Amino acid sequence: MKLGWQNWFQEKRFAAHWDRAKEAAQSTPMADYYSAPVQADQLLNDAPLIALDFESDGLEEDAQLLEAGWVAVEGGAVKLNSARRLRIRAESRLQGSAVIIHRITDDAAAEGQSEQDVLLALLADLKGAAILAHAAFIEQSFLNAACLRCFGVPFVGRFICTMQLEERWFPRERTADGLRLGKLRAQYGLPYYRAHDGLTDAMACAELFLVQCARRRTENLLLEDVLMRG
């Protein structure tokens, strides 16, 4: 399928990043992930998607990851039997301000799995899939930093951002918090979910994405049509 020039340029840049990371991943636990590239020109309904959310001790790139939640989206449906939530063991005392938000205490964080073990489980499910997240640049940054910490290899993947899609597909005047996940869900009549839980937020994002695509009413969307830009 023919790519538009903007998509062509983005695809060339992505391929260069992917090839460099794949080479760096040789003889590391990430080699298997890089054995299955995701083609941008496939039909969206045929593309495996994983909705992902991290809970962390802050928003900085090097913040401690405390929880990962993810669920598969296939053929326009959320696959509930694929849902996973894994707690990540904290290596230092948590910030009190962050604990108020994510409600993961020091005692709970101490009982989690190692970051490397959680990443290995996540990477196994991300293999061959595009990643769906709200404000996806945050998950992208966290995942890349974690892979560099644990394996010395950058993470390169296909990301779909529901926040960016909303701005791109349905631009309008909004309040300062008008693009928050909960606000957008309410706008579409989706039920309220308590925020700042890795799996719940991943499922909330997946549902929002499906509603956005339904409202867009565009048949035969390609994966490239929804990928995060920039």
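Which residues do ring pairs link into a cluster? The points below take this up, among other features.

1. **Basis.** This is a predicted model, in which local features need pLDDT of at least 70, side-chain atom pairs count only at pLDDT 80 or more, and totals for chains, interfaces and linings use all residues. Residues are numbered from 1 along each chain as its sequence is written, and side-chain values use heavy atoms, with hydrogens and water left out.

2. **Overall fold.** The chain has 8 helices and 5 strands. Both are DSSP runs numbered from the N terminus: helices are H or I with at least four residues, strands E with at least two. Along the sequence the pattern reads α-β-β-β-α-α-α-β-α-β-α-α-α. Of the 230 residues, 47% are buried (under 20% relative accessible area, with a 1.4 Å probe and protein chains only).

3. **Ring cluster.** Phe14, Trp18, Tyr33, Tyr34, Phe155 and Phe159 are linked into a cluster by ring pairs. Rings of Phe, Tyr and Trp (its six-membered ring) pair if their centres lie within 6.5 Å; planes over 60 degrees apart count as edge-to-face.

4. **Aromatic pairs.** The whole structure holds 8 aromatic pairs. One of them joins Phe54 and Phe142 edge-to-face, at 6.4 Å centre to centre and 75° between the planes. This pair links distant parts of the chain: Phe54 is in strand 1 (residues 49-56) and Phe142 in helix 5 (residues 136-151), 88 residues apart. Phe54 and Phe142 are both buried. Phe155 and Phe159 also pair edge-to-face, with 6.1 Å between centres and 75° between the planes. Phe155 and Phe159 are buried too.

5. **Charges over rings.** Arg185 lies over the face of Tyr193, 4.3 Å from the ring centre. The charged end of Arg215 sits over the ring of Phe170, at 4.3 Å from its centre. The test asks for NZ of Lys or CZ of Arg within 6 Å of the ring centre and within 35 degrees of the ring normal.

6. **Second largest pocket.** Its space is about 490 Å³. A pocket here is an open set of points on a 1 Å grid over the protein atoms alone, where a 1.4 Å probe fits, with protein on both sides within 12 Å along at least five of seven lines; lining residues have an atom within 4 Å of a point. There are 22 lining residues, and Phe14, Gln140, Gly157, Met228 and Gly230 are the closest to the centre. Helix 1 (5-24) and helix 5 each supply at least two lining residues. The largest share, 6 residues, comes from helix 1.

How values were computed:
Rings of Phe, Tyr and Trp (its six-membered ring) pair if their centres lie within 6.5 Å; planes under 30 degrees apart count as stacked, over 60 as edge-to-face and the rest as tilted. Buried means under 20% relative accessible area, exposed over 50%, partly exposed in between (1.4 Å probe, protein chains only). Grid points are joined across faces, edges and corners, and a volume is the space filled by probe spheres set on the points.
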